[in-house]
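This briefing sets out the computed features of one protein model, grouped by topic. Please read it alongside the sequence and the structure displayed here.

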Amino acid sequence: MDSQGVTADPQLQHFIEIESQKQRFQQLVHQMTEVCWEKCMDKPGPKLDSRTEVCFVNCVERFIDTSQFILNRLEQTQRSKGSFTETMSD
């Protein structure tokens with residue numbers, strides 16, 4: 001037996017991981033849509049004018065950049081905590 005008890009089915013773990021990633025992606029898209037809609041859409045009409053379209057493009061790009069920056073920062077923080085914990089336990 002390993003340190004965590006019973007080992008889970010690898011296929012099930014993979015499926016759960018993929019579904020979790022899909023859910024996180026859908027949440028990000030929903031959040032991005034809400035933020036950019038509020039920021040860029042003054043009055044909904046039959047067509048997007050060029051100013052509104054440019055606003056949406058810039059908003060989406062900044063949202064993606066910000067989300068990626070935050071994820072990278074969290075990963076760095078987790079790695080530094082992990083290496084610190086491993087050093088302390090030696």
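A salt bridge is taken here as a side-chain nitrogen of Lys or Arg within 4 Å of a carboxyl oxygen of Asp or Glu. By this rule, four salt bridges are counted in what is a predicted model. The protein has two helices and zero strands, and buried residues account for 12% of its 90 residues.

**Salt bridges**

- Side chains of opposite charge can pair when their charged atoms come close.
- One of the salt bridges joins E19 to K22, with 3.3 Å between the closest N and O atoms.
- E19 and K22 lie three residues apart in helix α1, and they are therefore separated by about one helical turn.
- D42 is exposed, its relative accessible area being 57%.
- A further salt bridge links E61 with R62, whose closest N and O atoms are 4.0 Å apart.
- Salt bridges with shared partners connect E61, R62 and D65 into one network.

**Helix α1**

- Helix α1 comprises 31 residues and spans 44 Å from its first C-alpha to its last, close to the 45 Å expected at 1.5 Å a residue.
- At the start of α1, a side-chain oxygen of D9 comes to within 3.2 Å of the backbone nitrogen of Q11.
- M32, C36 and C40 are buried residues of α1.

**Aromatic pair**

- One aromatic pair is found in a search of the whole structure.
- W37 and F56 form this pair, which is tilted, with 6.3 Å from centre to centre and 45° between the planes.
- The pair links distant parts of the chain, as W37 belongs to helix α1 (residues 10–40) and F56 to helix α2, 19 residues apart.
- W37 is partly exposed, with a relative accessible area of 41%, whereas F56 counts as buried at 17% relative accessibility.

**Surface**

- The protein exposes about 8300 Å², of which carbon and sulfur atoms supply 58%.
- F69, I70, L71 and L74 make up a nonpolar surface patch of about 410 Å².
- I70, a member of this patch, is located in helix α2 (residues 50–89).
- The relative accessible area of I70 is 44%, so I70 is classed as partly exposed.

Notes. Residues are numbered from 1 along each chain as its sequence is written. This is a predicted model: local features need pLDDT of at least 70, side-chain atom pairs count only at pLDDT 80 or more; totals for chains, interfaces and linings use all residues. Side-chain values use heavy atoms; hydrogens and water are left out. Patches are made of residues with over 30% relative accessible area and no salt bridge: like charges are joined within 9 Å, nonpolar side chains (Val, Leu, Ile, Met, Phe, Trp, Tyr) within 5 Å. Accessible areas come from the Shrake-Rupley method with a 1.4 Å probe; for residues, only the protein chains shown count as cover. Helices (H or I, at least four residues) and strands (E, at least two) are DSSP runs, numbered from the N terminus. Buried means under 20% relative accessible area, exposed over 50%, partly exposed in between (1.4 Å probe, protein chains only). Rings of Phe, Tyr and Trp (its six-membered ring) pair if their centres lie within 6.5 Å; planes under 30 degrees apart count as stacked, over 60 as edge-to-face and the rest as tilted. The expected span of a helix is 1.5 Å times one less than its number of residues. A polar contact is a pair of N or O atoms within 3.5 Å; within protein, one must be able to donate a hydrogen and the other to accept it, and residues adjacent in sequence count only if both atoms are side-chain atoms.
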